[in-house]
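Student: Please take me through this entry with the cut-offs stated. Start with the packing, then go on to the charged pairs.

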Amino acid sequence: MSLPLFLLTLLASAALSVAEIRSTQTRSDARPLILLDEFGFTHRGQLELNVSHLSLSGSTPDPPELSKVGFFLCTIDAWAHVLQQIEDAQINCVLGSDAIKRVFTFDQLPSPAAAAFNFSYAESSADQYTLIFANCLPQLKVSMNVRSAMYNLEGGRSNRRDYLSAGKTILPRVYFLLSLIYFIMAALWINVLYKKRSTVFGIHFFMLAVVLLKTLNLLCEAEDKSYIKRTGSAHGWDVLFYIFSFLKGITLFSLIVLIGTGWSFLKPYLQDKEKKVLMIVIPLQVIANIAQVVIDETGPFGQDWIAWKQVFLLVDVICCCAVLFPIVWSIKNLREAAKTDGKAAVNLMKLTLFRQYYIVVICYIYFTRVVVYALETITSYKYFWTSVVAGELATLAFYIFTGYKFRPEVHNPYFVIDDEEEEAAAEQLKLEDEFEL
């Protein structure tokens, strides 16, 4: 795959990263294209570029054609046009295309020996742009420190800077509202545990911990995005966000495993194979969170960004598959027990909640991993927040379903069934026995 085609693929598949003030260092880098950052501009977009410790080396013509080295902005659609121009031999350097927005080329340096420069660029055409450094001189090696700040100016007299990409500027309010919803859920759950304290199991306190961690995770993410929106930096809130995101991820996957095994409701212990699932899920969640931190902090311009992205996706898929095994094992054990135990067979057939939960977990995983990603891909950058809301609403629905189905009751939730269902279960068991005979 050629480099231009590879870059187009990267631009199309890269998730929209949090747009903040970025600092990038390159040392003796001869790459023809370096992806730096991406941002959704409104009609009042601004780019500030600060380059320091600039030095050029390598065997180049004297004087070198510095107009072929510099920074430019480009959209995905425009890049497809650039590729076509290169293929048709209309241009031999991306900086010569009329489809891009040239920001700064090195022939604009105050002097050939200049080691630093600052440049501001205004963009009035609203769109999703990627900031790219191009070097069309194969023998030229570039060393520099690049600090890029992209933002939109808010309307009115204030002209305040908004460092969040268009389509993400509403996210601080979204996350804060969701954190309030989860806080209310946690308060209601505490009230339920107090009123039904005689029928509370250990799993109910574990569910409370999951909701509280989700609340703190959303609150920190709201503050994280809020500070980035105003200043371009998270001011340490990203650290707290990563911590609570890590704890929330581990506890949520552990909760799915524990409920799937019937722990605390049906048995006070876990079998060895069920413990092994937890021992697999927890370290994988550690790896997934490390990968997520690297992905978020480096952005798609990082040389190892694609590798970490693949690691995250692989680990996430493995975790999602692993948590389903305990539920499948429980269903299998119940079916086997139903065939060997006379009167108890009808009672065991009542445990349809395992099957319900299995289906709900699969739907939750599919929606948050596949459907949400599809929304990110097909929706305009202006409506990126819709995919975030969709994913969070799916998660909220999953939490509510889990809490409602496994709330403290006088009876065991796994054994809840009405007379009609009991007769149907008995009839189904009878038919299965006749079929086997």
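**Packing and salt bridges**

Student: Which residues touch the most other members of the largest nonpolar core?

Tutor: The largest nonpolar core holds 51 residues. Such a core is a set of buried Ala, Val, Leu, Ile, Met, Phe, Trp, Tyr and Cys residues joined through side-chain atoms within 4.5 Å; buried means under 20% relative accessible area, exposed over 50% and partly exposed in between, with a 1.4 Å probe and protein chains only. The members that touch the most others are Tyr357, Val361, Phe398 and Tyr399.

Student: Which element gives the largest share of this core?

Tutor: Elements giving two or more residues to the core include α4, α10 (353–378) and α11. Helices (H or I, at least four residues) and strands (E, at least two) are DSSP runs, numbered from the N terminus. The largest share, nine residues, comes from α3.

Student: How are the residues numbered, and what limits apply to the model?

Tutor: This is a predicted model, in which local features need pLDDT of at least 70 and side-chain atom pairs count only at pLDDT 80 or more, while totals for chains, interfaces and linings use all residues. Side-chain values use heavy atoms, with hydrogens and water left out, and each chain is numbered along its sequence as written, from 1.

Student: With neighbours within four places in sequence left aside, which residues is Tyr399 in contact with?

Tutor: Contact means heavy atoms within 4.5 Å. With those sequence neighbours left aside, Tyr399 is in contact with Tyr182, Met185, Val210, Val211, Lys214, Lys248 and Leu252.

Student: Lys214 meets Glu392 in a salt bridge; how many residues apart in sequence are the parts it ties together?

Tutor: A salt bridge is a side-chain nitrogen of Lys or Arg within 4 Å of a carboxyl oxygen of Asp or Glu, and the N to O distance here is 3.2 Å. Glu392 is buried at 12% relative accessible area, and Lys214 is buried at 4%. Since Glu392 lies in helix α11 (residues 384–405) and Lys214 in helix α4, the pair ties together parts whose separation in sequence is 178 residues.

Student: Which residues are linked with Lys229 in a network of salt bridges?

Tutor: Lys229 is itself buried, at 18% relative accessible area. The side chain of Lys229 meets Glu154 at 3.9 Å, N to O, and Asp162 at 3.0 Å. Asp162 is buried at 7%. The network links Lys229 with Glu154, Arg160 and Asp162.

Student: What distance does α4 reach from its first C-alpha to its last?

Tutor: Helix α4 has 30 residues. The expected span is 1.5 Å times one less than the number of residues, which for α4 comes to 44 Å. The model is close to this, with a reach of 44 Å.

Student: How far apart are the end C-alpha atoms of residues 174–194?

Tutor: UniProt, in an unreviewed entry, places one of its "transmembrane region" features at residues 174–194; its positions follow the numbering used here, feature names are shortened, and annotations may be inferred rather than shown by experiment. The span is 100% helix and 0% strand. Its end C-alpha atoms are apart by 31 Å.
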